[in-house]
Amino acid sequence: MALALHMPTAGCEHLNSETVEQIRQFRSSPTNGIDPNFAQYTCLQCSMPGSFPSLDKHFSETQHGFAVGQKSVYCAGCHDLVYDPALLGNGKKRKLTETSDEDDSYLTANTAQRPCGRSGVRGLFNLGETCYMNAVLQMMVHNPLLASYFLGMGHPIHTCPISKEPEKKDDASDEEEQASEDQDQKKELQVCVACGMTDLFSDVTMVDQPLPAHAVNLLFASWKNIPQMSGKGQQDAQEWFMYIIDRLHEAVAQYSTPDQTNSVNEANGIPPIDKQCVCFFHKVFYGRYNSQIICDTCHTVSSREDEFSSISLDFKKQVKRKKKAAKDAAAAAASAATNKADKPPLKIAIPNLHECLRSYTAPEPLSPEQYNCTTCDARRSASKQTRLRKLPAIMCVHVKRFGMKQAGSGVWLPEKYEGKLEFPLQLDMGPYTTKPPSPMATTTNGGETKPDAYMYDLDCVVVHQGEHAQNGHYFAFCRQDNKWFRFDDEIVSATTTEDVLRQEAYLLFYSLRSLEKV
Amino acid sequence: MATRRPHGSLLPNSVLDTDLWKRFYSDEEITADIPPPVKASTTMATSGAADSKSSISLSVADQEQAISYILDQSIESILHDILLDIHQEEKIARMQTAVIELEQRPDKQKSAHDGDNAEDEPVESDAAILEESGQYQLKGNPMKTIKHIRCPNCRLRRLLYPRVGFNARPVPDPTEQYCKTEPMIIIDKHDVHGQRKKGVKVKGQAKGKNRKKNDPASPTSENSDPLTPSSSMLNDSFEFKEIDYPAAKCPNRDSHLGDHWKSVNVFATHLNGSCYLKKDRAAGREANAKIGGTPRDSRASSPKAGTNGVKRKADDETSGGNKKKQKLGEVKRNDKKGGSGPSRLKEVNNANDRSAASPLKEVNGDTISVTPTKAMRDASSEPTLKLKLKTGGDATARKKPTKMGKKA
Ligand SMILES: [Zn+2]
Ligand SMILES: [Zn+2]
Ligand SMILES: [Zn+2]
Ligand SMILES: [Zn+2]
Ligand SMILES: [Zn+2]
């Protein structure tokens, strides 16, 4: 691991392996008094908490040597925070998978020899209106999990069955080939998107160059595999994202019957899943939502579950709500005010992501026209609620900004909804899942409660610039080593978190925090 | 409410962990199914599921007190985390430097008196010591004992400030070789490496404003840019590069005999046309293509593409019917870019503009094609301009300090 490179044995001359072990145990002990939400240091020996000056005093009085915080250690001898290599791994349990070293040797060799340079921030050439693709690709390229997969032989190009196929054809006799060529395009070469993606990842990360990389192979693979989005022209980044991960999944699909899920589902009246893909991309990008309809008359619950690869939020509806709320508030204020002159200006609040998710997962009424209850055998009013049953590791939140509006002439025209939607750097998805709401209830399922189980961190923001639905420009903001960069095709520039949070996001990519501890 | 920064992340994501995906893939808990919703009886209650806050009941006074306490603590914690990140990054770099500096020494010693036993004298510096066990131990606090940070990869000294642009500082020792991992450059219209897109002119805003107020950003004023005293500031030694379009091999092996290279910026057009989709093609051409591949294309089959891309741009492919739509979008983009006003960092304009602007190859197939050929001709054919350049350069050198002061 590069971090351990050229590191001294200990964080400072006062630390030794015994103390490090003590610190480890102290941190994992439930009674250490360290509140994970706050930065706090407590003496390793006597658990006395305090600020650095007060700890210094305590140390000089007691000869105690270290104070431990959640993320760092304060050394009495150094009067400074110390970073011991053994404590830096962030508690990662590095289960060494039993794969042979040979597998990775090619890669480690490459990484070790990697020359210095401003790494990890390469632009992508626009290949001709391909900014929609570049924006999504930058998200992928900067994701450590995907980088690990594509650069860690997750999809070995040389053994890919899809890319292999054409070579078999090449073996066929020349005349035969030519004959078939003339006949039809049917025997076209197959092109694998996962191979194209692997190409891109190695190109972007392995090549020591400040110059942008290009995704030519992937573009071609995309056109071949997503015919409905092929051809030069502007495309919807979200649509492309959905397709490309679906094609990635298809390239490596692996189906099985989820017995465990089915037995749980059966007990809860949820229809069983006969086959479910267990491929890497499914685990990374796909979640499942549960939607329940409860008949207002007989209270029968009918459930169904479906996969999703992005959560689409109704931005327009949320804006309307805000406008209405503002108007109502203004009206209330106006009626309350005795003097009509000081009418407050209409203040329309900016909608936020949590509100959108809340309304996405809130029960909504269905009219009898919309629902037919099989138990009552009649049309009934009912209530429908959609919640998340399984969360992906990388979650795409899609702010619906494109729709249709009817022009005066009655013709439907595409429309873009501009405006801000506030979004957080970290997002707890817990409240939007099927998990029982109260904290008491969480203990009933399996015992241990992980506070971060559904916590996500913002990784990437894709912005669509332009006031029209049909054309515009995409660019992305991605996090690299906890610094934000703006990726606008070829040009990569440094930016700030504040700037990122100011953006009118179209796509938000969050990744599961517990990935850090895998 | 303010929440504590999630990323005390000690592992930067630029460090590749090739096993992460395997551990993730075999981890059965992560992204596991969440228990299904509770059945009917409780569903009424779940409507309030979204805000679990409502379950806690406190008096208003209690709440206020709690909130202010939490807020104080949070802010302190957030500040702590930010400072910790910075401190940690810096200190670890110094810890590594202490080791690197020592590691380099035994080599020297050994080469000096080869067979000799080096054990007599311990290998040590002010910052670290090599123990008999072969391990490096720190001495004192590296924040004090280490002066310059060295790169753990190439062992060269690291630059702490960019050479040019926002927050730039002169290189401490111009004769020394530094690690190539330099701080990110921040200059308008340039990327973090100080490169800009081919065809993008760095506006001579400075001069456009000072000298010719009534000539708003005309190509000529842009071109005379290097004459502005301010424009060659600071970066006499820094070479601003233009991002040139390289060629890539066409992946559509069905379409070409042998390797076929194309400038990357026309790839969509290429695939859209004769190569793959055969859109935007007159019927005659299509027939032509069927007969013997595409004769025009075969011309452009040298892998040395970069500059050739320009020539090829004139190729049939760019004149597709799609062009109209494309143009529309591009104009939009230009407007936006143009409308962004003069850069705050205008003083970091580039002395190299002058050389970069002259060759005709700058007029390329790029989307932003504002650079008129006329301006080019002006630039390259007026000898007087060159004379002026020299004096201009001197003037800037004198002005330097004040400008720097402003920036800082
Ligand atoms: Zn110490
Ligand atoms: Zn493949
Ligand atoms: Zn799958
Ligand atoms: Zn019913
Ligand atoms: Zn280096």
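The model is predicted, so local features need pLDDT of at least 70 and side-chain atom pairs count only at pLDDT 80 or more, while totals for chains, interfaces and linings use all residues. Residues are numbered from 1 along each chain as its sequence is written, chains are lettered from A and ligands numbered from 1 in the order in which they are written, and side-chain values use heavy atoms, with hydrogens and water left out.

**The sheet of chain A**

- Four strands of chain A form an open sheet in the order E8-E7-E13-E10, with antiparallel pairing; strands (E, at least two residues) and helices (H or I, at least four) are DSSP runs, numbered from the N terminus, and two strands pair if DSSP finds at least two bridges between them.
- Strands E8 (301–308) and E10 (364–366) of chain A stand at the edges with a single partner strand each, so one side of each has no neighbour in the sheet.
- From one strand to the next, the twist averages 30°; axes are lines fitted to C-alpha atoms, for helices over the stretch in contact, and angles run from 0 to 180 degrees between N-to-C directions.
- E7(A) and E8(A) run antiparallel and are joined by eight bridges, and A:Tyr289 stands opposite A:Asp306 in E8(A).
- The hairpin of E7(A) and E8(A) has five residues between the strands, and A:His299 takes a positive phi near 60° there.
- Three bridges pair E10(A) with strand E13 (residues 382–390) of chain A in the antiparallel sense; A:Ala382 in E13(A) is the bridge partner of A:Leu366.

- The axes of helix H10 (residues 216–225) of chain A and helix H7 (residues 267–275) of chain B come within 10 Å and cross at roughly 40°.
- That angle makes H10(A) oblique to H7(B); angles under 35 degrees count as roughly parallel, over 145 as roughly antiparallel, 65 to 115 as roughly perpendicular and the rest as oblique.
- Residues of H10(A), including A:Phe220 and A:Trp223, meet residues of H7(B), including B:Phe267 and B:Leu271; contact means heavy atoms within 4.5 Å.

**Confidence**

- Chain A has a mean pLDDT of 83, and 82% of its residues reach 70 or more; pLDDT is the predictor's confidence in each residue, from 0 to 100.
- Among the elements of chain A, helix H4 (residues 101–112) has the lowest mean pLDDT (42) and strand E14 (residues 394–399) the highest (96).
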